[in-house]
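Subject: Structure for you to look at

Hello,

Here is the structure I said I would pass on. Please open it beside this email and follow along with the notes below.

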Amino acid sequence: MKIELLNHPNEKLAEIAIKMCRGKKKISLSEAVNEELIRRVVDSGHESVAEHVNFTFRITGLSRVTSHQFVRHRIASYSQESQRYSDPLEVKDKYWAVIPDSIQENPEAKKLAIDFLDESIRVRKKMDELGIKLEDSRYFLPNATKTAMVVTMNARTLWNFFNFRICSRAQWEIRRLAKLMYYLVNDVAPALFSWWTPRCERGCPEKCGDPVSNEIEEGTIITGKTIEYLPKDKRD
Ligand SMILES: Cc1cc2nc3c(=O)[nH]c(=O)nc-3n(C[C@H](O)[C@H](O)[C@H](O)COP(=O)(O)OP(=O)(O)OC[C@H]3O[C@@H](n4cnc5c(N)ncnc54)[C@H](O)[C@@H]3O)c2cc1C
């Protein structure tokens with residue numbers, strides 16, 4: 001899974017919005033950010049000021065299982081690779097599907113998964129030979145198939161997304177996605193994110209006893225505004 005932060009504004013925008021509400025109309029984007037003020041105002045419930053700060057991500061190597069969970073977060077803009085026009089099986093990368101660690105680590109389950117993926121390729125090739133269009137043969141692609149998306153979310157919706165998905169109740173893949181996204185936005189907008197902590201640490205009502213942190217995992221590579229998680233079998 002790879003995430004690039006394609007675009008982000010100056011987080012000072014949130015402070016300009018706060019100060020506008022208080023009659024200050026000449027605050028410049030180039031002035032230093034007042035993190036304490038932003039945090040205090042947001043803590044008071046005046047969260048809409050964070051809606052002016054939008055982040056655009058390019059995400060690749062995510063399974064369709066997780067992209068379906070992701071798009072349930074409605075206060076966001078999504079563009080997703082279409083399986084009508086793009087054939088994942090034509091991708092040269094042999095890793096065209098996500099195989100969970102629990103399956104990678106169990107030889108019998110892994111063999112079942114690989115056989116199933118090979119069978120998917122056979123079915124797709126045969127459908128092609130029979131003249132079936134991608135828009136119909138895609139019905140037989142597995143949920144594990146990788147997808148790609150461009151997503152734009154504002155800081156307020158990201159808080160909500162992190163609250164639900166950097167959580168032990170969330171599945172590992174969307175939790176990984178959320179943690180990687182958190183790393184990128186915290187790096188460029190610390191006034192809006194550095195103080196955010198998982199609900200586990202803030203006293204979650206569920207008290208599941210299985211707290212998670214927002215730390216990124218081993219196997220993560222950071223290059224500028226790009227962050228990539230390499231599965232164990234792809235590391236050196
Ligand atoms: C652990 C976990 C398990 C889940 N299991 C399931 C499941 O089994 N089945 C399933 O269908 N979904 C499931 N979900 C998805 C979940 O119900 C939400 O759809 C998803 O997390 C998106 O959250 P959201 O609505 O807060 O986000 P957004 O859609 O981004 O909305 C953000 C906020 O805006 C407000 N809002 C948005 N739209 C409305 C609206 N129409 N009316 C009122 N307020 C609104 C709410 O305050 C909401 O929190 C699960 C989520 C998690 C984290």
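Helix α7 (residues 155-165) lies across the strands β2 and β4 (146-154). The helix runs at about 125° to β4. Keep in mind throughout that this is a predicted model.

Both of those strands belong to an open sheet of 6 strands with antiparallel pairing, in the order β3-β4-β2-β1-β6-β5. Which strands stand at the edges? They are β3 (77-80) and β5 (220-223); each has a single partner strand, so one side of each is left without a neighbour in the sheet. On average, neighbouring strands of this sheet are turned by 15° against each other, direction ignored.

As background, the strands of a sheet pair through backbone hydrogen bonds, either parallel or antiparallel. Within it, Ile3 has Ile59 of β2 as its bridge partner.

Next, the helices α1 (residues 12-21) and α2 (residues 35-43). Their axes are 10 Å apart and the packing angle is about 65°. The crossing of α1 past α2 is left-handed. On the α1 side the contact has Ala14, Glu15 and Ile18, which meet Leu37, Ile38 and Val41 of α2. By class, the residues of this contact are 5 nonpolar, no polar and 1 charged.

Last, the ligand. Around it are Arg72, His73, Arg74, Ile75, Thr157, Asn160, Phe164, Arg169 and Ala170. This shell divides into 3 nonpolar, 3 polar and 3 charged residues.

Regards

Conventions
Residues numbered from 1 in each chain as written. Predicted model: local features only at pLDDT ≥ 70, side-chain atom pairs only at ≥ 80, totals over all residues. Pairing = 2+ DSSP bridges. Helix = DSSP H or I, 4+ residues; strand = E, 2+ residues; numbered from the N terminus. Axes fitted to C-alpha atoms, helices over the stretch in contact; angles between N-to-C directions. Contact = placed C-beta atoms within 7 Å. Near = placed C-beta within 6 Å. Nonpolar A, V, L, I, M, F, W, Y, C, P; charged D, E, K, R; others polar. Left-handed = near helix turned anticlockwise from the far one by under 90°.
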